[in-house]
Amino acid sequence: MISKEIFFQQFVEAAEIDTEIELALDSNFRDFDEWSSLAGLCVMQMMTELTGKPFTVSDIKNCNTLGDLYKYIEANENH
Amino acid sequence: MKIIDCYWERDILGCRVAEVIIETSDVLSEKDLNQIEDYDYVVVKVPMHQVDNNYFLSKKGFALVEVQCKLSKTYKSFDFDDKLIKYLYSDVSFSEIVDRNDFNTLLESITPNMFSTDRITLDPVFGKEKGCLRYKHWMKDAYENDQANFMSILYKNEPVGFSMYKNNDGVIDGILGGIFVKYQSYGIGMLTPTRHFLNAKKSNTPFKKLSTSISSNNEPVWRFYNYLNFKIDQLYYVFIKHK
């Protein structure tokens, strides 16, 4: 299971979020200034890579916070 | 300089509309403005490198509302190995819309918030209802007069968007396209600039080049085009004025 810190790092890289922002599990990722449809696609692809399982539009619709994404990884991570 | 009386806009927008296309050597003058003074809504498109015309229009009360960017990309230069393209590829499919019933279904899927960044929708004088009606009218006209082709974009077998286009001897003119409101902001907007490339790959029908136009106001979409390294062919400064 990847650590929270590594997950945040991967999220920041995928979505090209400003690294000065303080991230937390209850951060709503759609509120970040840099959030866009392209960022969303990059995150979906990142989540698919991290879990080895397709992470799709339906899945991201059900997630609002970084915590939601992290819980998804916990539940589906490729061992 | 070309002045076009946009008579087809009258019923939709409820006013007389003129479009002025400035050519490379044109220098605008008062005499030119006199030719359009009877119109209620005037749109002037100035190609880049004509700053004097931009200043002239600003002094005459025209507002700069957007920059129209003409972009293109060759089929050969498209990176099908890009990780985001590979991510989408297996879940997407396309079908040509030919049948009248299918076309009517498409028209019903076009809703007022779908195209939220065109100059009519953003203009407080017109708004999103007129913006939507105008696009639907344009599409209907193109379909009935056989002036364009239509394609449905499917993601996991569900229609999520469409394309209105022409294929001129291997050069695809991506006239209009988009993702339906229900599916916007979830990452599949990437299907807007990639639709013809992915369709051609799947059906083994490569083409020469895709050309299209986007507005500077459509930030989500130009992020995608920028990511995909589309070439900028021309920029037009679009000014408008209401009487």
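Q: How many cavities of 30 Å³ or more does a search of the whole structure find?

A: Let's start with the general idea. Rolling a probe the size of a water molecule over the atoms shows where empty space is left. On a 1 Å grid over the protein atoms alone, a cavity is a set of points where a 1.4 Å probe fits but cannot get out, while a pocket is an open set with protein on both sides within 12 Å along at least five of seven lines; lining residues have an atom within 4 Å of a point. Here the search of the whole structure turns up one cavity of 30 Å³ or more. Before we go on: this is a predicted model, where local features need pLDDT of at least 70 and side-chain atom pairs count only at pLDDT 80 or more, while totals for chains, interfaces and linings use all residues. Residues are numbered from 1 along each chain as its sequence is written, chains are lettered from A and ligands numbered from 1 in the order in which they are written, and side-chain values use heavy atoms, with hydrogens and water left out.

Q: What scores does the model get, and what is the mean pLDDT of chain B?

A: The model has an ipTM of 0.86 and a pTM of 0.91. pLDDT is the predictor's confidence in each residue, from 0 to 100. For chain B the mean is 95, with 100% of its residues at 70 or more.

Q: Back to the largest cavity: what is its volume, and which residues line it?

A: A volume is the space filled by probe spheres set on the points, with grid points joined across faces, edges and corners. The largest cavity comes to about 40 Å³. Around it you'll find M1(B), I3(B), V20(B), L28(B), D32(B), L33(B), I36(B), V44(B) and L57(B). To sort a lining, count Ala, Val, Leu, Ile, Met, Phe, Trp, Tyr, Cys and Pro as nonpolar, Asp, Glu, Lys and Arg as charged, and the others, Gly among them, as polar. On that scheme this cavity has eight nonpolar residues, no polar ones and one charged.

Q: And what about the second largest pocket: which residues lie nearest its centre?

A: E13(A), A14(A), A15(A), E16(A) and C42(A), out of 18 lining residues. Two or more residues come from each of α1 (4–15) and α2 (37–51) of chain A and α9 (219–227) of chain B. Helices (H or I, at least four residues) and strands (E, at least two) are DSSP runs, numbered from the N terminus. α2(A) gives the most, six residues. The pocket holds about 410 Å³ of space, and its lining splits into eight nonpolar, four polar and six charged residues.

Q: How many helices and strands does chain A have?

A: Four helices and zero strands, so the pattern along the sequence is written α-α-α-α.

Q: Which residues of helix α4 in chain A are buried?

A: Buried means under 20% relative accessible area, exposed over 50%, and partly exposed in between (1.4 Å probe, protein chains only). An α-helix has 3.6 residues a turn, so residues three or four places apart point the same way. In α4(A), residues 66–76, the buried ones are L66(A), G67(A), L69(A), Y70(A), Y72(A), I73(A) and N76(A). Their cover includes α1, α2 and α3 (57–61) of chain A. Across chain A, 53% of the 79 residues are buried.

Q: How many helices and strands are in chain B?

A: Nine helices and 10 strands. Contact means heavy atoms within 4.5 Å. Of the chain B contacts with a separation of 6 or more, 68% join residues 24 or more positions apart.

Q: Where is N157(B) found, and is it buried or exposed?

A: N157(B) sits in the loop between β6 (149–155) and β7 (158–168) of chain B and is exposed, at 66% relative accessibility. Its phi is positive, about 65°, although it is not a glycine. N204(B) is another non-glycine residue with a positive phi, near 55°. You'll find N204(B) in the loop between α8 (191–203) and β9 (209–215) of chain B.
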